[in-house]
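Take a look at the structure shown here.

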Amino acid sequence: MQSSFSFKSILYITLPLVIIFVIVLTAYWLFTPPVQFDGQRAYALVQHQMSLGARTPGSQAHAQTIQWISSTLQKNRWQVDIQKGTQIGKPIQNIIARRGAGSPWIIIGAHYDCRMFADKDPDASKRSLPVPGANDSASGVAVLLELSRVLPKQEHPQIWLVFFDAEDQGRIDNWDWILGSRYFASQLQDKPDAVIIIDMIGDADLNIYMEHNSDQALTEQIWNTADEIGYSKNFVPTYKFSILDDHTPFLEKGIRAIDIIDFDYPYWHTTQDTADKVSPQSLQAIGETLVKWLEKQR
Ligand SMILES: [Zn+2]
């Protein structure tokens with residue numbers, strides 16, 4: 001008698017609490033707006049990379065960037081691995097963030113290294129300095145990291161965000177272009193369904209032309225998506241350049257890949273590639289377009 005009374009009273013107190021808890025949780029889930037890609041946040045990530053200094057291979061800034069990218073991805077709940085190897089005798093550290101399983105399997109990549117020499121600088125005395133790389137590396141990394149914050153935890157079957165090492169050291173003694181992505185592609189066991197590379201996409205004056213070597217159908221999908229959400233000014237539906245970039249090793253393996261790159265950048269490989277040339281609006285255009293395209297891949 002006594003024990004049944006106390007069981008009931010516990011029930012009378014607990015049950016309403018449980019019901020209130022469930023209601024509050026449901027309301028929170030229903031009325032919390034989905035996390036949106038934020039160009040301002042991405043821009044802050046560009047500034048952070050700039051504060052480390054030029055991320056040239058072997059530098060302290062390069063090592064710090066690997067640490068920072070990895071910990072940011074882990075904080076955003078991605079499974080993170082640092083892929084270590086060598087390519088033409090150079091040490092390679094690619095950072096791979098994975099989420100989901102099965103197909104479609106989509107890889108979005110950007111390089112995080114800065115070029116060791118600003119050999120296009122108009123001032124010859126500055127050509128032995130490193131490229132600060134606000135647009136030429138920091139912008140792509142920033143968009144990838146902001147994507148890692150906003151992409152849904154489960155909805156997409158399988159997404160990898162890959163940060164490639166040593167893309168930008170071609171025409172330097174004993175080096176070559178795209179070493180990180182070459183190593184990564186050489187280690188791939190299976191074929192992803194699509195590989196999207198973003199490079200130099202932060203230019204405040206953002207005009208991205210279609211790239212000749214890229215997969216044509218995938219290019220059209222991305223440009224159409226940008227057009228749908230009002231970014232046709234930034235994604236110009238005309239072919240212009242043929243570029244060797246981190247998409248090349250995938251294309252060579254018969255994998256659908258594209259390069260999203262604004263190659264009309266007057267500060268390319270100069271010491272003037274600084275954060276004031278990059279705009280949050282440009283990062284926003286890229287980020288939003290990729291989020292929208294990924295939504296269609298479910
Ligand atoms: Zn470059």
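## The chain as a whole

Helices (H or I, at least four residues) and strands (E, at least two) are DSSP runs, numbered from the N terminus. By that count, the chain has eight helices and eight strands. Keep in mind that this is a predicted model.

The C-alpha atoms fill a box of roughly 95 × 40 × 40 Å, taken along the principal axes. Of the 298 residues in the chain, 42% are buried. Now take the contacts between residues at least 6 apart in sequence: 79% of them join residues at least 24 apart.

## Helices α3 and α4

Two packed helices are described by the angle between their axes and the distance between the axes. Here, helix α3 covers residues 60–75 and helix α4 covers residues 134–150. Their axes come within 9 Å and cross at roughly 20 degrees. Angles under 35 degrees count as roughly parallel, so α3 is roughly parallel to α4. The crossing of α3 and α4 is left-handed.

Which residues make the contact? From α3 come Ile69, Thr72 and Leu73. From α4 come Val141, Leu145 and Ser148. By class, the contact of α3 with α4 has four nonpolar residues, two polar residues and no charged ones.

Note on methods: Residues are numbered from 1 along each chain as its sequence is written. This is a predicted model: local features need pLDDT of at least 70, side-chain atom pairs count only at pLDDT 80 or more; totals for chains, interfaces and linings use all residues. Axes are lines fitted to C-alpha atoms, for helices over the stretch in contact, and angles run from 0 to 180 degrees between N-to-C directions. Angles under 35 degrees count as roughly parallel, over 145 as roughly antiparallel, 65 to 115 as roughly perpendicular and the rest as oblique. A crossing is left-handed if the near helix is turned anticlockwise from the far one by less than a right angle, and right-handed if clockwise. Two residues are in contact if their C-beta atoms, placed from the backbone, lie within 7 Å. Ala, Val, Leu, Ile, Met, Phe, Trp, Tyr, Cys and Pro count as nonpolar, Asp, Glu, Lys and Arg as charged, and the others, Gly among them, as polar. A residue is buried if 20 or more other C-beta atoms lie within 10 Å of its own, exposed if 12 or fewer, and partly exposed in between; C-beta atoms are placed from the backbone.
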